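Student: I'd like to go through this protein with you, one question at a time. Could you show it to me before we start?

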Amino acid sequence: MKIGIMGTGRVGLPTGVGFAALGHAVVCVDKDIAMLERLQAGKIPWVEAGLEELLRSQMGRMRFTIDAKELCGADVVLLAVPTPSRPGSDASDLSFIRQAVGEVSAAMPCPAVLAIKSTVPVGTGDVLQAKLRRKNSKLAVVSFPEFFCEGTAVRDFFSPSRLVVGVEQEWAREVMDHLLRPFADRCPLLFVSRRTAELVKHASNAFLAMKVHYANEMADLCEKTGASGADVLQAIGLDPRIGNQFLRPGPGYGGSCFPKDCRALAAMGRRWKVPLRLVRATIAGNEARLKAMVRRILSTVQTIPCPRIALLGLAFKGGTADCRESPMLAIAEGLIANGVDITVFDAAADGAKNLSMVRVRHAVDATDAATGADVVVIGTEDFYQLDLGKIRAVVRTAQIVDLRNVLDADRAKCFGFFYLPIGEKPPPNG
Ligand code: UDX
């Protein structure tokens, strides 16, 4: 088949490369010429395990272009353009979607499937389909939501947990069925209504965000009561009705999806007059958590004049360089607002570039960041192998606040650190 991809970002590119690897001819369209040139040279401007190698191996089947006309003749065009929150509102900004649909319909006079991978509010497909019909377009709008996680997008493409296709026309269903046949023996393939598929994505992300927030709340309760958060969460996760994933307590959820999708779902609730109290509580709880994390860090240095704080890891999770809606950026800003000096290190060099530069030093590595620090804060899972001996030798005060529970408490204590993980009653300090 000939497959078109509109938007070569973190969803569009792995999807395009994946379908090329399955033997399809893939045309990728994007507005960003610099990005297209890099992709053409086999380079990916972000961190995604295995994607660059796969891209290079599939160059023969892939084309990168700024010109949407090259989509002409495609059987399926997958739309993977961003749908950020609208400025000053929780609702999604659909302007990139509208523009992309206009370009695709102008380029494609013949019947073809236009599959929306971007996360859109329920009913968007209906509106787009009606518009296309008015323009006599022969495109069938399908909702084909994406469940890739950053860092595992290649694995997620080839081994999805499920594929959900929202479709209203039988011929479009047949096209999608043909495209997705290689996955039929790998995962459930759900053909549902377009509105259903649109809602699945939001419902899924908000549920996972809620689960993370629940783990965070239980961790807080464990700290106060003297129960062990790690043990409580492990024990509840062993119940197959609950499941052990997304129960790791941390600094709060972040990233380009959970925060935005929760807000968009809450906005949908308001629009359709359904209160969605759990979703709203999750959003408010996660925001409050960021402030609580700032207080937690400051509590370790309250008796130290002019304290220095080292933050290791600024991305929204380990294994990525992505700082979009990262809890660690919000925490860094909260610390700066409290007038303390911070030193940051993230192997993803551009991680901190959004931080106000006043009161921030950018370190070259973890040891450099920790030099002279009064507390070292672990912000992402990437620091699980931190050399505690080296860190102990350079800090001014031996304290670690581990917001990801990646270090071994006994080891940290052996090196003389006051060690504060999430979900365990704090040991006496000093
Ligand atoms: C998410 C969805 O998981 C994915 O299906 C969707 O397609 C895109 O959004 P991603 O943004 O890559 O993927 O991040 P994810 O791994 O889901 O983590 C989201 C946030 O929750 C991160 O900040 C992460 O640190 C946090 N998290 C996750 C926890 O704090 N604890 C957990 O147990 C799991």
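Student: How much area is buried between domain 2 and domain 3?
Tutor: Keep in mind that this is a predicted model, where local features need pLDDT of at least 70, side-chain atom pairs count only at pLDDT 80 or more, and totals for chains, interfaces and linings use all residues. Residues are numbered from 1 along each chain as its sequence is written, and side-chain values use heavy atoms, leaving out hydrogens and water. Buried area is the accessible area (1.4 Å probe) that two parts lose on being put together, summed over both. Carbon and sulfur atoms give 41% of it here, and the whole area is about 1400 Å².

Student: Which helix gives the largest share of the side of domain 2 that touches domain 3?
Tutor: Helices here are DSSP runs (H or I, at least four residues), numbered from the N terminus. α8 (194-225), α10 (258-271) and α11 (277-299) each supply at least two residues of that side. The largest share, four residues, comes from α8.

Student: How far is an oxygen atom of the ligand from a polar backbone atom of Glu150?
Tutor: There are 18residues around the ligand (a heavy atom within 4 Å), and Glu150 is among those that come nearest. A polar contact is a pair of N or O atoms within 3.5 Å; within protein, one must be able to donate a hydrogen and the other to accept it, and residues adjacent in sequence count only if both atoms are side-chain atoms. For Glu150 and the ligand oxygen, the distance is 2.7 Å.

Student: In which helix do Glu52 and Arg56 both lie?
Tutor: These two form a salt bridge, with their closest N and O atoms 3.1 Å apart. Glu52 and Arg56 are four residues apart, about one turn of the helix, and that helix is α3 (residues 51-57).

Methods: A salt bridge is a side-chain nitrogen of Lys or Arg within 4 Å of a carboxyl oxygen of Asp or Glu.
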